[in-house]
Protein chains: 2
Amino acid sequence: MNQVGRDFPRLEVRAKVTGRAEYTHHLRLPGMLYGKVFRSTVPHGRILHIDTEAARKLPGVHRVITGEDIKKLIPEPYYGPAFHDQPILALEKVRHVGEPVAVVLASDPHVAEQGVQLISAEYEELPAVYDEVQAMKPDILVHEVLKPAGTFADLKHLKDRGGTNVALDYHLRRGDVDGALAKADHVIEHTFKTQQCLHVAFEPFVSVADPGDSKLTIYTANQSPSFVRIEIARLFGWPENRVRVKVPYVGGGFGGKLYIKLEALVAALAMLVRRPVKIALTMEEQFYVITKHPTTFRIKSGVTKDGRIIARSCEVHWNGGAYADIGPRVAQKSGFTAAGPYDIDNVSVDSYEMYTNRTPAGALRCFGIPQLVWAYESHTDLIAREIGMDPVEFRHKNLLRNGRPQASGTILKDAAIPEVFQALVKRMNWDAPFDRGAGILRRGRGIAIALKAVISPTTSVAVINISADGSITLFTGSVDMGQGSDTAYALIVGEVLGVPAEDVRVVHSDTDVTPYDMGTLGSRSFYHMGNAVRLAAEDARGKLRALATEAGLPEGTNYPPVEIFKKRYGMQAGNVIGTATFLPTYSPPDAQGLSSNVTPFWMVGGAGAEVEVDTETGHVRVLRLVNAADCGKPINPAVARTQLSGAAIMQLGFTLSEAMHLDGGQVTNASLADYKIPGMADIPPIECELVTAEQHNGPFGAKGLGESGTFGVSPAIANAIHDAVGVRIMELPITAEAVLRALRAKEGRPLDDE
Amino acid sequence: MNQVGRDFPRLEVRAKVTGRAEYTHHLRLPGMLYGKVFRSTVPHGRILHIDTEAARKLPGVHRVITGEDIKKLIPEPYYGPAFHDQPILALEKVRHVGEPVAVVLASDPHVAEQGVQLISAEYEELPAVYDEVQAMKPDILVHEVLKPAGTFADLKHLKDRGGTNVALDYHLRRGDVDGALAKADHVIEHTFKTQQCLHVAFEPFVSVADPGDSKLTIYTANQSPSFVRIEIARLFGWPENRVRVKVPYVGGGFGGKLYIKLEALVAALAMLVRRPVKIALTMEEQFYVITKHPTTFRIKSGVTKDGRIIARSCEVHWNGGAYADIGPRVAQKSGFTAAGPYDIDNVSVDSYEMYTNRTPAGALRCFGIPQLVWAYESHTDLIAREIGMDPVEFRHKNLLRNGRPQASGTILKDAAIPEVFQALVKRMNWDAPFDRGAGILRRGRGIAIALKAVISPTTSVAVINISADGSITLFTGSVDMGQGSDTAYALIVGEVLGVPAEDVRVVHSDTDVTPYDMGTLGSRSFYHMGNAVRLAAEDARGKLRALATEAGLPEGTNYPPVEIFKKRYGMQAGNVIGTATFLPTYSPPDAQGLSSNVTPFWMVGGAGAEVEVDTETGHVRVLRLVNAADCGKPINPAVARTQLSGAAIMQLGFTLSEAMHLDGGQVTNASLADYKIPGMADIPPIECELVTAEQHNGPFGAKGLGESGTFGVSPAIANAIHDAVGVRIMELPITAEAVLRALRAKEGRPLDDE
């Protein structure tokens, strides 16, 4: 019975294509009220007065709730995974445009929306800061004092720190960077920037809370139900088992639906009015919830004349917006790979998570890695140009290899960096002649490669129940948002227990039912939960064997489970229950940011791009996108390939078009009409290559893959544009306008408005 | 932390009294159809034609389904726990009045009901048999051939047996009954009868089936969800994990909601029409689903002149109605205690489960025991009278004591027979003067005691999840129908894990979530599941300790769980999952019906009654009812007492008023207006005494108690009537008419119609 390694359609595909799959948006409970949110119109201000009188009087409005009402229920109504900084509804201050200030509740959502229109608020406007580097100056303070959550021991020292917008500063020091730079033949420095953009899951944020009798149930489109349960219980001062978090099908997450989004709000509202409450956001409102960090990355390298990088210093400022969310972890966990997949003896990293008066930023498919790769792989290309080396040859010379220490000091293991790079180069036919175009249409090609660690240490628990007829149910808290995790686990269970994966029933995330899981994020699930599932299946297998022995069946013979159960229990009765908890080993970084074991596995991904640039308009057409990643031994190759292509398409949007535009703190393009995500016509031919290696501690040799397809896309395209037309774009997105401006500047005839 | 043994309010009490508790009757699913049942009007007949044309044409009717439609979906659509004899809808024959013949489906239940009125059926009427003794003659056959389910190995030999209405015959032979009878000073024989009556749970039968995408979900008021899952899977030829059975709150069961009732029907309908289907019966329809066995019990005893019973032969005919349901188990499992709680060396038992053309009979709060006790404790009293001994003294002399073999040969253990009897006698002030009334109102008193075994072998599985903050969730398939099982288990978990029971969350029966349990029946749950819960809690406690060791916390110190989890997992994360399966030891009976280990525990219960009889009308007023039972060490004494009083009230109805009246196979009193259950005004002062003993293999020394309160009620009242007015009633119920007839007959002036 070979289950693992075969192309297998996703288990839920039928339910989804026939429209039977249930999403939180479908849910209506008896007596349910709809909440609509009144939001701040100023980026930074002290709340003087909220006038809810007219809304309250509107026929059909059940109640209008402000932050002060919530405070009566929850004295400290602040939440967040890293800092308890985010109020359920604004209190005293508002810190970004779109921040929730009040909620109107009504049985009819249209009435609630009308009620919102009748609310007005008066603010004492305060000066605001939007830029992550400017925010280093403490003249404008987004938060007066820092309130670390206590979740992460390493943030505790920040408690009560004030007078700063630095939510977290992470520093790594390896070797002697200054000394090495002094000795280098070339010292090359650049600054790159990325924009604010967002997840755009096609299912907008939605949560429902049912106050129940002695238990609060939350139905929500969320990637981390266990976290929601713990955090809601903490807010109310309850035990975990008084909160139930159920996650129906989720229509995409990409890190946006992590931690608390609407859950604390609907929970507080439901407890206040003692009726079920639903809040479902519009597409426009998504621009005010959570985004991808804008960054400024100053990178400096010292290189020998034969092309060895001997020193690199990195300074990254992360624009976390008004509330920290998981931003501090992004700044820190991505921080230590900021120097890239290269073997460099002297590295320094300074990474700063900054508060600003923007929509908060959190995790978005890679925990900050694409921002770093954008910078270091553009930089790598520029170094190769400067020292006159082929960029492929230059990378080859410097690539980090297994057995060598990564910047953190952890010895690299099971990371197929050279193999992935080799696959890319081969697919790109790097050494073959390349048609460079002619006339106004010029062609170029670029390449990029990157490395990512997984967030650590985190825990996953799995439970497997074998029924008396041998049929199997798996309980896992992983949230399948479309990535195929249910199917992958079913394949693992099938492999261990010798049954077809399609016969394994996977029970969806429900904290009353499925055991703890840290969250479905950062490509951790398949490795962590996959291992837990494998171990739980092995536990169940062992217990089934023990049952056969108890039943007096001779060892070594293979009895169908139904026979074992019948023999032991006198009828078709009983269960075997296998359980396992998986926590990989890990060493926390020391004061220098160094660790001997910083991640249980490494992700490796790279991209190659061929582009055509219209030198008259600046328009960039991607002719071909090649994506390669180390997936260990793939469990379900068909789905693994779609993970790579999906990631590439997503990053393509962030590369060429997506950007939230801000004007005085106001988002000026908060709609999908103005914020351009890739359409079918924008998508080039994408080739995905699974580079098969072996992740020795992974389940059946596999590893996480949900993000690796994003890594190299942006710099590969920028490098290809440079190759085509000789201009370097230093900031995302690479719009036609940006390219045209660069072309004109290079020609010495800047566009009129410059 | 002493949890076990304290008076503890039931966990769900608040939800129930505030009306928040959700029952299956409340459930409405999108697109749901209501089914209404067209039923047979003849007791026995061959189906010639079912005319559904007019019903089909009724606007609003979605579809009309007959047995033939179901056969297209399920080729062998017969179900049942002991025999696969019951068709989902009648096929070829109908076997009792009220048997489901067709179902009308409509979005509006009133339209469906109207549709039912438009259906007509034509039958070739067959002669019918209603009496359990007459059914021994094979001239009228209810079933042409027997189809044992295979669930119980000991029924397999019945396969393909035909030409009989005997569904099961059970025989026990111990010692030499004939020889002992020949030597006895007195040989006394009586025949007692009981009536057909029913459970009357205040929540009528209701089930909903949702065909889902790749899984069928059944929401049902049912006491045995694991059985339903297995049986529905068998009918469709599916694995167990394709069927999900969810049991919301249940409004009383009493054995009526065991096994399959409406579940197969709604499942088949939902699969046929691919929409959710609900069937909710009216109170009247309950008379056609499941009842308590009418019985005829011929009992003969040989007694020495000094009052020792040396031989007893018992012949019991059980009227199982048209379909076996669990009747064969009633006939067999109750059979071996038919001789009562007495120490008798020579015993024979012949117990016959009979098919007749009545509504089927199954389990009703005691699996047949009250029918037996009615006979043997009336008989015991009559013997004492005949030999001129005080009935208390006579019983004392013959009571079975621990260490002595019960009729089955199993040595009695942990059965507090003398203690319960002593407690009763004391409460009744048996030796004190007693006011015997005067004039037309005469008073008397009676006593009765009985023994019951538990159905065996059966299995229960429990799972316990400790969250990272130490809060606890228990997963159990026991169905809490009001008996307080959730609360009892919470007390056990609290005791083992050192937390208040009110903090333990109990997850309700849901076969996708809660592990296997054989069923909530026959007072088995507290013993079996209670043991499983205790073992699972101990497993969890051990794993929590192991986790503390893994976390490097020194042994022997008591850390709060949240500290252990935080230390081990770096944050508030993870779970500990404890599991246990409980299956007591058991020896199946041999060819003589004997076994060295026939039950893991014994139930002992008795009653004393003081009555006043109006000799002019025959009206019996119960002045006082004393109930005593061996409850081991009670886990929750307050709830244990309500179990005893509830059982006594139920049996009071069966004793004095409840009876289904049949006329040519038609039930003539199928409504609660004509079928009289006890009202508040009918209930005498009831004293309940928990006789504390110790069930050594029970959870914390406790045992099941849900039935013991019924045992002695009927004969204690009959004995008291005899004591008051000198007449003996041989058949239940003891109506005023029956008493008056007996009084008149005794006076030689029978009522006019006799």
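Please keep in mind that this is a predicted model. I begin with symmetry. Chain A superposes on chain B by a rotation of 180°, with 0.0 Å of shift along the axis and an RMSD of 0.0 Å. The two copies are thus related as by a two-fold rotation axis. Both copies use the same surface: 100% of the contact residues of chain A recur in chain B. Which residue of chain A comes closest to the rotation axis? That is Val513(A), whose C-alpha is 3.1 Å from the axis.

Now the contact between the chains. On each side the count is 42: 42 residues of chain A are in contact with 42 residues of chain B.

Next, the domains within one chain. Chain A is divided into domain 1 (13–20 + 456–582), domain 2 (31–123) and domain 3 (291–455 + 597–746). Between domain 1 and domain 3 of chain A, the C-alpha centres are 37 Å apart. Their contact takes 19 residues from domain 1 of chain A and 21 residues from domain 3 of chain A. On the domain 1 side, helix H12 (485–497) and helix H13 (525–550) of chain A each supply at least two residues. Which element gives the most to that side? H13(A) does, with six residues. The domain 1 side of this contact divides into six nonpolar, 10 polar and three charged residues.

A word on H12(A) itself. This helix has 13 residues and spans 18 Å from its first C-alpha to its last, close to the 18 Å expected at 1.5 Å a residue. As for burial, 13 of its 13 residues are buried. Gly498(A) follows H12(A), with a positive phi near 70°.

E3(A) runs antiparallel to strand E7 (residues 100–106) of chain A, and five bridges join the two. One of the bridge partners in E7(A) is Val104(A), which is paired with Val64(A).

The last part concerns chain B. Helix H11 of chain B covers residues 417–427, and its buried residues are Ile417(B), Val420(B), Phe421(B), Ala423(B), Leu424(B) and Val425(B). What do the buried residues of H11(B) pack against? Their partners in chain B are helix H10 (391–398) and the strands E21 (441–453), E26 (602–614), E27 (620–630) and E30 (686–691). Just after H11(B), Asn429(B) has a positive phi of about 50°.

In chain B, five strands form an open sheet with mixed pairing, in the order E20-E21-E26-E27-E30. Strand E20 (437–438) and E30 of chain B are at the edges with a single partner strand each, so one side of each is left without a neighbour in the sheet. E26(B) and E27(B) are antiparallel and pair over nine bridges. Within that pairing, Glu612(B) has Arg621(B) in E27(B) as its bridge partner.

That is what I have; I will take questions now.

Notes:
Residues numbered from 1 in each chain as written. Chains lettered and ligands numbered in written order. Predicted model: local features only at pLDDT ≥ 70, side-chain atom pairs only at ≥ 80, totals over all residues. Least-squares fit on C-alpha atoms with pLDDT ≥ 70 in both. Contact = placed C-beta atoms within 7 Å. Domains from an automatic or database assignment. Helix = DSSP H or I, 4+ residues; strand = E, 2+ residues; numbered from the N terminus. Nonpolar A, V, L, I, M, F, W, Y, C, P; charged D, E, K, R; others polar. Buried ≥ 20, exposed ≤ 12 C-beta atoms within 10 Å, placed from the backbone. Expected span 1.5 Å × (residues − 1). Pairing = 2+ DSSP bridges.
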